[in-house]
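Me: Could you walk me through how some of the helices pack here? I have a handful of questions ready.

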Amino acid sequence: MRIVFMGTPGFAEVILRALVENEDKSIEVVGLFTQRDKPFGRKKELKAPETKTYILENHLNIPIFQPQSLKEPEVQILKDLKPDFIVVVAYGKILPKEVLAIAPCINAHASLLPKYRGASPIHEMILNDDRIYGISTMLMDLELDSGDILESASFLREDYLDLDALSLKLACMGADLLLSTLKNFHSITRKPQDHAWATFCKKITKADGLVGFKDAKSLFLKSLAFKSWPEIFLENSLKLLDVELVENEKSHKEGEILEIDERGVLVGCLKGSVRIARLQAVGKKPLKAKDYLNGKRLKVGGILA
């Protein structure tokens, strides 16, 4: 079967790789649609999407398209590729009805729909302390993540996972799920979503990383969800790195330094406490928490703020 793949970040690259390298060779990826290269880092050098990089580095004979929008010229390109399916994984653009009409459009969405429709479902699973993580394939329609569910897969959380680890695990699950959905598409019974149970998540912004020492569990979960970006930081922009939840019951002064040792600094919250292994001031390299506090002459009983 002929597949046009629409996807951009590393999460999508894992699934694209599985489709390209599928063992029985029943799937042929005939085109990649992805976002444009974007400036990255302090030098603002252009960085290609991970899906594009995968194709180029492996010298695959798959044409790459990076349109600004999906209008008439792009629709014609899609039609000329004659896909049996259009597969969408974290593409970053809404598909217009002209694209949806070309072939069945199947989306792999990293949640158990109708929970967490939108841009940041994996972050939401972590922030909400979910015990069950999952991914769904669905038939796309004009509304956001509201189409009929085709298949889903899930697992029970045993340990806390940060964004990178959970994304990779769900992407690998999603690759197997999507292969199953494509190969069994015509025999799958579609399940309409119950829209009354739908929840939505927004695009993450840098401001989401701002934290205080009110609730230890919430701070810890944010450190997992925002590990890659924007990370977590105090109002003075001090970044808190490698955070461990110690307990979530006792009441302390906000930001009170309870203990300092080689493992880091134990900081009290209104509810609970966390151990922070490293701290990073603006424009500086990360330091062991003990070294940072020594430099600031902060001791047990002081306030980290």
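Reply: Happy to! A crossing is called right-handed if the near helix is turned clockwise from the far one by less than a right angle, and left-handed if anticlockwise. Please keep in mind that this is a predicted model.

Me: Which handedness does the crossing of H1 and H6 have?
Reply: Here H1 covers residues 10–20 and H6 covers residues 163–183, and their axes lie 8 Å apart. By the clockwise rule for the near helix, the crossing of H1 and H6 is right-handed.

Me: How many charged residues does the contact of H1 with H6 have?
Reply: From H1, the residues Phe11, Val14, Ile15, Ala18 and Leu19 take part. Their partners in H6 include Leu168, Ala171, Cys172, Gly174 and Leu178. By class, this contact has 13 nonpolar residues, two polar ones and, as for charged residues, none.

Me: And how many charged residues are in the contact of H1 with H2?
Reply: H2 spans residues 50–57, and H1 packs on it at about 40 degrees with the axes 8 Å apart. Gly10, Ala12, Glu13, Leu16, Arg17 and Val20 of H1 meet Glu50, Thr51, Tyr54 and Ile55 of H2. Those residues divide into five nonpolar, two polar and, for the charged class, three.

Me: How many of the eleven residues of H1 are buried?
Reply: Buried means under 20% relative accessible area. In H1, Phe11, Ala12, Glu13, Val14, Ile15, Leu16, Leu19 and Val20 are buried. H1 is therefore largely enclosed by the rest of the structure, and the number of buried residues is eight.

Me: Is Cys201 buried or exposed?
Reply: The cut-off for burial is a relative accessible area under 20%. Cys105, at 2%, is buried. With a relative accessibility of 10%, Cys201 also counts as buried.

Me: How many disulfides does a search of the whole structure find?
Reply: A disulfide needs a pair of cysteine sulfur atoms within 2.5 Å. Across the whole structure, the number found is zero.

Me: What about Asn294, is it buried or exposed?
Reply: Asn294 sits in helix H8, residues 289–296. Since exposed means over 50% and Asn294 has a relative accessible area of 52%, Asn294 is exposed.

Terms used: Residues are numbered from 1 along each chain as its sequence is written. This is a predicted model: local features need pLDDT of at least 70, side-chain atom pairs count only at pLDDT 80 or more; totals for chains, interfaces and linings use all residues. Side-chain values use heavy atoms; hydrogens and water are left out. Axes are lines fitted to C-alpha atoms, for helices over the stretch in contact, and angles run from 0 to 180 degrees between N-to-C directions. Helices (H or I, at least four residues) and strands (E, at least two) are DSSP runs, numbered from the N terminus. Contact means heavy atoms within 4.5 Å. Ala, Val, Leu, Ile, Met, Phe, Trp, Tyr, Cys and Pro count as nonpolar, Asp, Glu, Lys and Arg as charged, and the others, Gly among them, as polar. Buried means under 20% relative accessible area, exposed over 50%, partly exposed in between (1.4 Å probe, protein chains only).
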